[in-house]
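Q: Got a model here that I'd like to talk through. Can we start with the charged pairs?

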Amino acid sequence: MPWPGESLKGWPDGELRIPMRLSQYFMPILRDDPKEAEIVSHKLMLRCGMIRQEAAGCYSWLPLGFRVLKKIEQIVREEQNRAGAIEVLMPTIQPADLWRKSGRYDAYGKEMLRIKDRHDRDMLFGPTNEEMITDIFRQGVKSYKDLPRNLYHIQWKFRDEVRPRFGVMRGREFLMKDAYSFDLTREAGQHSYNKMFVSYLKTFARMGLKAVPMRAETGPIGGKDSHEFLILAETGESGVFFDRAFLDMDWTAFDIDYDDVGAVARVVEDFTSKYAATDEKHDAAEFDRRVPEAARVTGRGIEVGHIFFFGTKYSEPMGAVVQGPDGKMVPVESGSYGIGVSRLVGGIIEASHDEAGIIWPEAVAPFKVGLINLKAGDADTDAACETIYKALEAKGVEVLYDDRDERPGGKFATMDLIGLPWQVIIGPRGLKDGIAEVKNRKTGERENVALATLLERF
RNA sequence: CGGAGUGUAGCGCAGUCUGGUAGCGCACCUGCUUCGGGAGCAGGGGGUCGGAGGUUCGAAUCCUCUCACUCCGACCA
């Protein structure tokens with residue numbers, strides 16, 4: 001991976017790195033596709049026992065799915081932190097008054113889940129947090145000297161979609177990272193926007209995705225500048241049109257200094273200079289004029305991120321003002337920046353699977369290695385597997401050990417289905433010659449590796 | 001929110017038209033034989049048939065109401 005040394009260490013998520021014996025795990029595999037699942041990621045997530053539907057658009061995350069969700073969340077967190085954003089955590093339930101102030105309580109419509117508490121007070125399950133964060137910011141910051149700031153949280157949202165579908169891709173309850181920037185001037189706000197832009201490219205690239213930034217509608221959030229980040233997938237909900245040159249760009253070359261305004265702007269410039277648009281913003285004439293025919297890519301995409309620069313849209317009505325150097329009170333310039341964390345789980349599967357199952361990019365894989373004991377119960381294979389399992393554990397390699405007393409065929413099928421990047425296959429046949437078989441899930445390549453050097457592979 | 005459909009065992013389904021002992025495959029449990037890409041045989045466990053009313057000697061099946069879920073269209077991280 002492009003950014004070696006990234007890890008979950010230092011966060012509670014590190015606890016998720018523990019290895020596991022399949023005989024002691026909870027991973028209810030289905031052999032058949034549940035009928036309600038229409039798209040491949042939904043089918044695979046259900047078949048792998050990653051999620052379970054509790055109501056339309058609401059899911060329980062079972063152990064395997066939970067691990068992936070947490071890994072994605074942690075990558076998002078690391079890249080937000082690196083770009084200078086500061087993590088907070090706001091509640092899922094918000095008072096309606098906050099939304100009355102911004103005027104969105106009525107404007108948001110039925111998509112907002114409205115509830116009353118025991119005192120008959122109007123509450124709501126937050127679909128987003130512009131109002132709340134602006135209020136928090138307003139109370140905490142009074143001077144231009146306290147700017148810029150960018151606060152984010154990773155929290156469950158609820159949008160009472162008319163028609164939830166496609167599993168976690170369009171759930172009603174979903175995990176979203178949302179960040180909010182506050183600046184004194186338009187120019188400074190633009191830099192904050194640009195930093196998020198670059199960090200998004202990097203965040204998605206770390207997950208093995210090429211998420212193409214496209215000029216977007218601002219929708220109910222409102223504002224001036226907006227980009228959506230879309231990954232290509234046939235089952236995507238948006239039509240996309242873009243220059244093939246995007247796919248050939250170096251998606252790993254923006255390990256830049258986020259304080260370098262010019263450098264950040266150049267990356268944004270680089271990634272916005274080529275044509276890329278969703279069907280909403282698509283201009284066929286411009287597409288034809290700017291993109292040579294051979295380079296025109298049309299297809300479908302999944303929106304995994306969306307950034308907005310909306311200036312003073314919320315700061316003005318909500319009185320989020322600071323005192324400038326000249327002593328005057330000015331409303332702050334803001335932007336908001338979302339990443340669909342739970343949607344990404346489905347999105348990555350849509351972008352990375354084959355006939356046999358999921359193919360996890362290593363950075364988000366629930367385990368790095370699947371250790372297959374082909375003959376559980378046989379003293380020699382048991383002992384060899386046990387040694388390898390312990391050694392991988394000691395080395396900090398996340399391993400799922402299939403120690404069940406099952407037939408080899410089923411174990412292979414299960415391991416392919418859940419898509420761990422590496423399979424280490426141990427059977428009497430290989431053991432006789434002191435070798436293990438190492439299979440790369442993505443390429444299908446198998447290699448015989450001497451047991452003595454096996455550990456060096458991981 | 002308009003249109004279409006489905007609810008029967010963990011999953012996939014039959015049975016409903018024509019009322020009469022709740023079934024099949026996979027999964028699960030036991031035993032034996034197997035064991036390098038989803039084995040075979042034998043035995044076994046598991047269901048208030050989405051819910052509530054009604055008709056009937058008798059309802060998964062007929063009637064009424066209701067709930068949930070899925071799909072297609074207009075909206076969205």
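Q: What does Asp288 form a salt bridge with?
A: With Arg296, the closest N and O atoms being 3.6 Å apart. A salt bridge here is a side-chain nitrogen of Lys or Arg within 4 Å of a carboxyl oxygen of Asp or Glu. This is a predicted model, where local features need pLDDT of at least 70, side-chain atom pairs count only at pLDDT 80 or more, and totals for chains, interfaces and linings use all residues. Residues are numbered from 1 along each chain as its sequence is written, chains are lettered from A and ligands numbered from 1 in the order in which they are written, and side-chain values use heavy atoms, with hydrogens and water left out.

Q: Why does Arg296 count as partly exposed?
A: Because its relative accessibility is 26%. Buried means under 20% relative accessible area, exposed over 50%, and partly exposed in between (1.4 Å probe, protein chains only). Asp288 is partly exposed too, with 44%.

Q: And what about Glu54, what does that one pair with?
A: Glu54 forms a salt bridge with Arg52. The closest N and O atoms are 2.8 Å apart. Glu54 has 43% relative accessibility, so it counts as partly exposed. Arg52, at 47%, is also partly exposed.

Q: Now Arg206 and Glu78: buried or exposed?
A: Both are buried. They form a salt bridge, with the closest N and O atoms 2.8 Å apart. Arg206 lies in helix α6 (residues 186-206) and Glu78 in helix α2 (residues 63-82), so the pair ties together parts 128 residues apart in sequence. Helices are DSSP runs of H or I, at least four residues, and strands are runs of E, at least two, numbered from the N terminus.

Q: Which residues are linked with them in a network?
A: Glu79, Arg82, Lys202 and Asp255 are linked with Glu78 and Arg206 in a network of salt bridges.

Q: How many salt bridges does the structure hold?
A: It holds 35.

Q: Switching to the fold. How many helices and strands does chain A have?
A: Chain A has 12 helices and 24 strands.

Q: How much of it is buried?
A: Of the 458 residues of chain A, 54% count as buried.

Q: What does the C-alpha trace span?
A: About 80 × 60 × 40 Å along the principal axes of chain A.
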